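Here is a short report on one protein model. Keep the structure in view as you read.

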Amino acid sequence: MEPGNDTLHLEFLLLGLAEDPELQPLIFGFFLSMYMVTVLGNLLIILAVISDSHLHTPMYFFLSNLSFVDICFTSTTIPKMLLNIQTQSKAITYAGCITQIHFFVIFAELDIFLLTVMAYDRYVAICQPLHYMVIMNRQLCVMLVLVSWVGSFLHAILQSVMVLQLSFCTDLEIPHFFCELNQVIQRACSDTFLNDVVIYITAVFLGGGPLTGILYSYCKIVSSIRAISSAQGKYKAFSTCASHLSVVSLFYGTSLGVYLSSAVTQNSHSIATASVMYTVVTPMLNPFIYSLRNKDIKSALRRLCEKD
């Protein structure tokens, strides 16, 4: 079947995390709470970085960008899920589904790129401390963020255009709480070979590439820390990247777990539930991870609250 005008009038049905009507109010309250904590926590990080001149450094510039992306990341999926539960509807239009895929890919890829840039920043800070401010100058920091946005946008355009080439014969059920790219492609009634190839290639280069860069950076960091003679010096050096390492482990651990498990299991509802970890839980925890062990962030938040 060739793509036609009828495709534009399709509706997908997002089955969500559970079909039991009695569980819907509980799920609504649970996800609304997590969404509000995510937005508030990341917004506080952004305001703290903007308002405190002590935090106008490359590390916190990247952190504020990551917080903004995390707010956008959760906002691509959770509001629609909450609206569907509230209206007792599972429908999402074809245009709405493509739009959700597009922005989800943008912000998921931005998360990956920014975590990679932050790993490079920590590598320069620990391995080349005397040249840190020269290397990580304002122009480079802005360029790294800009390249991350452009690369993510181009990737999202590619995936969206690839999906737009597919034909969907009838209204279709997606066993997920959002239009997840793989789930949508699997429900097409036209050939998806090219889509699958593009997904695997981009996963290797845009997912595996940054992960390799992060691992390489931390290998160099560990090597430099081991060369430090004093225990206090080692602790201080490690503490500067502990929060970032925790976030990287949480994001990559959960997302890789979901996609590896999807390759060996056909239980789509289990995969949807596991996806909550990297789409909702990780963005919610990031502000806590960066603030609990960071005296600068704590001080900035305290001063921000005192101003109010």
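In this predicted model, three strands form an open sheet in the order S2-S1-S3, with mixed pairing. S2 and S3 are the edge strands, since each pairs on one side only. From one strand to the next, the twist averages 35°. Helix H4 packs on this sheet and touches S1, S2 and S3. The direction of H4 makes about 80° with that of S2.

Strands of a sheet pair through backbone hydrogen bonds, either parallel or antiparallel. Both kinds occur here. S1 and S2 (residues 91–93) run antiparallel and are joined by three bridges. Within this pair, Phe12 stands opposite Ile92, and Leu13 stands opposite Ala91. S1 and S3 (residues 172–174) run parallel, and three bridges join them too. There, Leu14 has Ile174 as its bridge partner.

Strand S1 covers residues 11–14 and has two faces. Phe12 and Leu14 make up the covered face. Glu11 and Leu13 make up the uncovered one.

**Helix H6**

Now turn to a helix. H6 runs from residue 138 to residue 164, which is 27 residues. From its first C-alpha to its last, H6 reaches 39 Å, close to the 39 Å expected at 1.5 Å a residue. At its start, a side-chain oxygen of Asn137 comes to within 3.1 Å of the backbone nitrogen of Gln139.

Which residues of H6 are buried? They are Leu140, Cys141, Val145, Ser148, Ser152, His155, Ala156, Gln159, Ser160, Met162 and Val163. What covers them includes helices H2 (58–75), H4 (94–127), H5 (132–135), H7 (181–186) and H8 (193–227).

Asn42 is found in helix H1 (residues 24–51). Is Asn42 buried or exposed? Asn42 has a relative accessible area of 1%, so it counts as buried. A polar contact of 3.4 Å joins its side chain to that of Ser67. Leaving aside neighbours within four places in sequence, Asn42 is in contact with Ser67, Asp70, Ile71, Pro283 and Pro287.

Gly253 is found in helix H9 (residues 231–264). Its relative accessible area is 45%, so Gly253 counts as partly exposed. Gly253 and Tyr278 are 25 residues apart along the chain, and their C-alpha atoms are separated by 8.6 Å.

**Salt bridges**

Side chains of opposite charge can pair when their charged atoms come close. How many salt bridges does a search of the whole structure find? It finds two.

| Salt bridge | N to O distance |
|---|---|
| Asp52 and Arg303 | 2.3 Å |
| Asp121 and Arg122 | 2.8 Å |

Take the pair of Asp52 and Arg303. Asp52 lies in the loop between H1 and H2, while Arg303 lies in helix H11 (residues 295–307), so this pair ties together parts that are 251 residues apart in sequence. Asp52 is buried, with a relative accessible area of 6%. Arg303 is partly exposed, at 36%.

In the other pair, Arg122 forms its salt bridge with Asp121. Both Arg122 and Asp121 are buried.

Technical notes:
Residues numbered from 1 in each chain as written. Predicted model: local features only at pLDDT ≥ 70, side-chain atom pairs only at ≥ 80, totals over all residues. Heavy atoms only, no water. Helix = DSSP H or I, 4+ residues; strand = E, 2+ residues; numbered from the N terminus. Expected span 1.5 Å × (residues − 1). Buried < 20%, exposed > 50% of the residue type's maximum accessible area, 1.4 Å probe, protein only. Contact = heavy atoms within 4.5 Å. Polar contact = N/O pair within 3.5 Å; in protein donor to acceptor, adjacent residues only side chain to side chain. Pairing = 2+ DSSP bridges. Axes fitted to C-alpha atoms, helices over the stretch in contact; angles between N-to-C directions. Salt bridge = Lys/Arg side-chain N within 4 Å of Asp/Glu carboxyl O.
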